[in-house]
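Here's a quick briefing on a protein model, with the cut-offs spelled out as we go. Have a look at the structure first.

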Amino acid sequence: MRKRNNTQNVIGIIHIMSILFLGLSNFNCSSMKNDNKDIKKEVTMTTIDYVPDGETAKRIAEAIWLPIYGEDIYKQKPYLSSLSGDSIWVVKGTLPKNYRGGVVYIEIRKRDCKILKVTHGK
């Protein structure tokens, strides 16, 4: 068995941590490299979207809205989600027919789940 030096161990740990951090489900052990250049590419070039679909966007929106606006957000179900410009999820609440008032609204970036805007109409 070949003994690894400390640098190789650190690089291996950083690689594994980056895989866990990025949440890559299609990790291939044969792609693991031992030089820093390849590790930096893997960490900075994300190939997945953290918010892949409207249902995920709705769950994230609800988690953000609940501590801000309270349980009244549940009265605005079903939530509607749509993709704006192929990169921003827009999720908003709905009101019953002939009901006046505002609804919760959020914009979530698909690529990294960054919350861009959170509002509630009146």
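Predicted model: local features only at pLDDT ≥ 70, side-chain atom pairs only at ≥ 80, totals over all residues.

Residues are numbered from 1 along each chain as its sequence is written, and side-chain values use heavy atoms, with hydrogens and water left out.

**Strands**
- S3 (residues 104–109) and S4 (residues 115–120) pair antiparallel over five bridges; strands are DSSP runs of E with at least two residues, numbered from the N terminus, and two of them pair if DSSP finds at least two bridges between them.
- Within that pairing, Ile106 sits opposite Val118 of S4.
- The S3–S4 hairpin has five residues between its strands, and Cys113 there takes a positive phi near 70°.
- S3 also pairs with S2 (residues 88–92), again antiparallel and with five bridges, and Lys92 faces Tyr105 in S3.
- Val104, Ile106 and Ile108 make up the covered face of S3, while Tyr105, Glu107 and Arg109 are on the uncovered one.

**Aromatic pair**
- There's one aromatic pair in the structure (ring centres within 6.5 Å, using the six-membered ring for Trp; planes under 30 degrees apart are stacked, over 60 edge-to-face, the rest tilted).
- Trp65 and Tyr79 have ring centres 5.1 Å apart and planes at 65°, so they count as edge-to-face.
- Trp65 belongs to helix H3 (residues 54–69) and Tyr79 to the loop between H3 and strand S1 (80–84), so the pair ties together parts 14 residues apart in sequence; a helix is a DSSP run of H or I with at least four residues.
- Both Trp65 and Tyr79 are buried (under 20% relative accessible area, 1.4 Å probe, protein chains only).

**Largest pocket**
- The largest pocket's lining includes Tyr69, Asp72, Lys75 and His120 (lining residues have an atom within 4 Å of a pocket point; a pocket is an open set of points on a 1 Å grid, with protein on both sides within 12 Å along at least five of seven lines).

How values were computed: 1 Å grid on protein atoms, 1.4 Å probe; cavity = no way out; pocket = protein on both sides within 12 Å on 5 of 7 lines; lining within 4 Å. Buried < 20%, exposed > 50% of the residue type's maximum accessible area, 1.4 Å probe, protein only.
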